[in-house]
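Please keep the sequence and the coordinates open while reading.

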Amino acid sequence: MKRKATKRKPIPLVPPAIRSRKKARQIVTTFHKLEKEADEVSSSTAPDKQARLERLERELDEMGGREAYQSASLLSVSFHNTSKWVTKQLAGKLGLRPANGEPPLRVLEVGAINTRLLDVPWLDVRAIDLKSQHPRIEERDFFSLEPAGEYDVVSSSMVINCVPTAKGRHEMLVGYRHHLRNGGHLFLVLPLLCLTKSTRTTRESFLETLSRIGFTVVAKKETPKVAFFCLRNTPLEARDVQVGGSSLATKDGGTRGAGAEKGISRKRKHGANDFAVSP
Ligand SMILES: C[S@@+](CC[C@H](N)C(=O)[O-])C[C@H]1O[C@@H](n2cnc3c(N)ncnc32)[C@H](O)[C@@H]1O
C-alpha cells in the first residue's frame, strides 16, 4: 500500500531560540536594566560598590547573561530585517551597488548577530559584536576600535539603545562618523519607543543631535516598533546646520531640542524610557 506523503518538519541544527516575543522582551528589558545599573554603580563611590556589582553580575548570570540576551534579540531580528533595508537603499535610491569588476563596498557592522550582511557578495563586511555568535563575527567592543575614516558604510541596528548612558550613545555616534569616509553612510536602527516614549528625546531632538554630529538624513522609515535611518556623513562645512551654535545639552545629560521647547515632561511616565543622546 502506498503511504501518504507527509510533510516533515526540518530538524533544526541547534535547539530553537526563544520563541515567545513576550519572554524575549522581558529578557532584553532585564538585561538593559541590569547593565545600566551596573554602569551607574561602577562610576559611583558607594562603599558597597563591589558587593553591588557582584550581585548584579549574579543576576545577569541567572538570567542567562549576554547569550540569553542575544537569543532574545535573534527573535526580534526576524521582525526588522535591517540587512534588507541596507542593501535596498544602497542598491536602489543611493545607486551605490558596485558594477561587476568594481571593488565591494567596505562595511563595518556593529552588533552583528547574524551573517546576512556578511553574505552579500558586493559588500566587504567587518562584523563585530561584544559576544560573537559566529566564527565570521569578530568578538570586539566597538569602543576599542581605532577609527580611520575608511568605511563606505556603517550598520548599527538596535545597538545604540544598548549603550547605558547618554554620553556613551553620543560617543558611539561620533565614533561611527569617524569610521566613515566623507560621504559614507550610516544605517542606524533603533526601537521607535526611544523616540516616542522617552521623556528626554523626541524625533526632532534626535535629528538635531544627528545633524550636530555631522549626519544628514538621506532616508528614514518607521514600522510600528522600529525606526530606520539612512544618514550621510557630511563634511561639517558642507552640511546644512539646522541648529544655532550654543550648546543645548542640559545639566542632567538630556538634549534640550525641539522636544524640550515643546515642554516634554521631565517626570518619568509609566513605561516610558529615558533614552537620550548627549555629549
Ligand atoms: C539588540 S542586539 C541587535 C542585534 C542585531 N544587530 C539586530 O539588528 O537585531 C544588540 C547587539 O549589539 C551588541 N553590542 C552592544 N554594544 C556593543 C559594542 N560596544 N560593541 C559591539 N557590539 C555591541 C550586543 O552584544 C548585541 O549582540
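Which residues does R169 touch, not counting residues up to four places away in sequence? They are I160, V163, P164, F275, A276 and V277, and the setting of R169 is taken up again below. The model is a predicted one, and its chain has eight helices and seven strands.

**The chain as a whole**

- Of the 279 residues in the chain, 44% are buried, and the chain exposes about 16,200 Å², of which carbon and sulfur atoms supply 52%.
- Among the contacts in the chain with a separation of 6 or more, 67% are between residues 24 or more positions apart.

- R169 is found in helix α5, which covers residues 166-179, and R169 counts as buried because its relative accessibility of 6% falls under the 20% cut-off.
- The side chain of R169 reaches the backbone oxygen of V163 at 3.0 Å, and V163 is also one of the residues that R169 touches.
- F275, another residue touched by R169, is 106 residues away from R169 in sequence, while the two C-alpha atoms are 9.5 Å apart in space.
- H170 also has its place in helix α5, and with a relative accessible area of 16% H170 is buried, since that value is under 20%.
- Leaving aside neighbours within four places in sequence, H170 is in contact with T209, I213, V277, S278 and P279; V277 is also among the residues that R169 touches.

**The ligand and its surroundings**

- There are 19 residues around the ligand, and those that come nearest are R66, G111, D129, D141 and S157.
- Helix α3, residues 65-77, gives the most to the shell around the ligand, contributing five residues.
- A backbone N or O atom of G111 lies 2.7 Å from a nitrogen atom of the ligand, and a polar backbone atom of L130 is 3.3 Å from a nitrogen atom of the ligand.
- For D141 the side chain is involved, with a polar atom of that side chain lying 2.8 Å from a nitrogen atom of the ligand.
- Taken alone, the ligand exposes 590 Å², and the protein buries 94% of that area.

- Helix α1 runs over residues 21-42, and its 22 residues reach 31 Å from the first C-alpha to the last, close to the 32 Å expected at 1.5 Å a residue.
- The buried residues of α1 are A24, I27, F31, L34, A38 and V41; seen down the axis of α1, these buried residues fall within an arc of 130°, so they line one face of the helix.
- The face of α1 turned away from its buried side carries the exposed residues K22, T29 and K33.

- After α2 comes G64, whose phi is positive, near 105°.
- M158 lies in the loop between β4 (151-157) and α5, and the phi of M158 is near 60°, a positive value in a residue other than glycine.
- For context, most residues other than glycine have a negative phi.

- S83 has its place in helix α4, residues 82-91, and S83 is buried because its relative accessible area of 12% is under 20%.
- The side chain of S83 makes a polar contact, at 2.9 Å, with the side chain of N81.
- Leaving aside neighbours within four places in sequence, S83 is in contact with R116 and L117.
- R116 is placed in the loop between β1 (105-110) and β2 (123-129), and at 34% relative accessibility R116 counts as partly exposed, since that value lies between the 20% and 50% limits.
- R116 and K84 are 32 residues apart along the chain, and their C-alpha atoms are separated by 8.6 Å.

Technical notes
Residues are numbered from 1 along each chain as its sequence is written. This is a predicted model: local features need pLDDT of at least 70, side-chain atom pairs count only at pLDDT 80 or more; totals for chains, interfaces and linings use all residues. Side-chain values use heavy atoms; hydrogens and water are left out. Helices (H or I, at least four residues) and strands (E, at least two) are DSSP runs, numbered from the N terminus. Buried means under 20% relative accessible area, exposed over 50%, partly exposed in between (1.4 Å probe, protein chains only). Contact means heavy atoms within 4.5 Å. A polar contact is a pair of N or O atoms within 3.5 Å; within protein, one must be able to donate a hydrogen and the other to accept it, and residues adjacent in sequence count only if both atoms are side-chain atoms. The expected span of a helix is 1.5 Å times one less than its number of residues. The arc is that of the directions from the helix axis to the C-beta atoms. A residue is near a molecule or strand if one of its heavy atoms lies within 4 Å of it. Accessible areas come from the Shrake-Rupley method with a 1.4 Å probe; for residues, only the protein chains shown count as cover.
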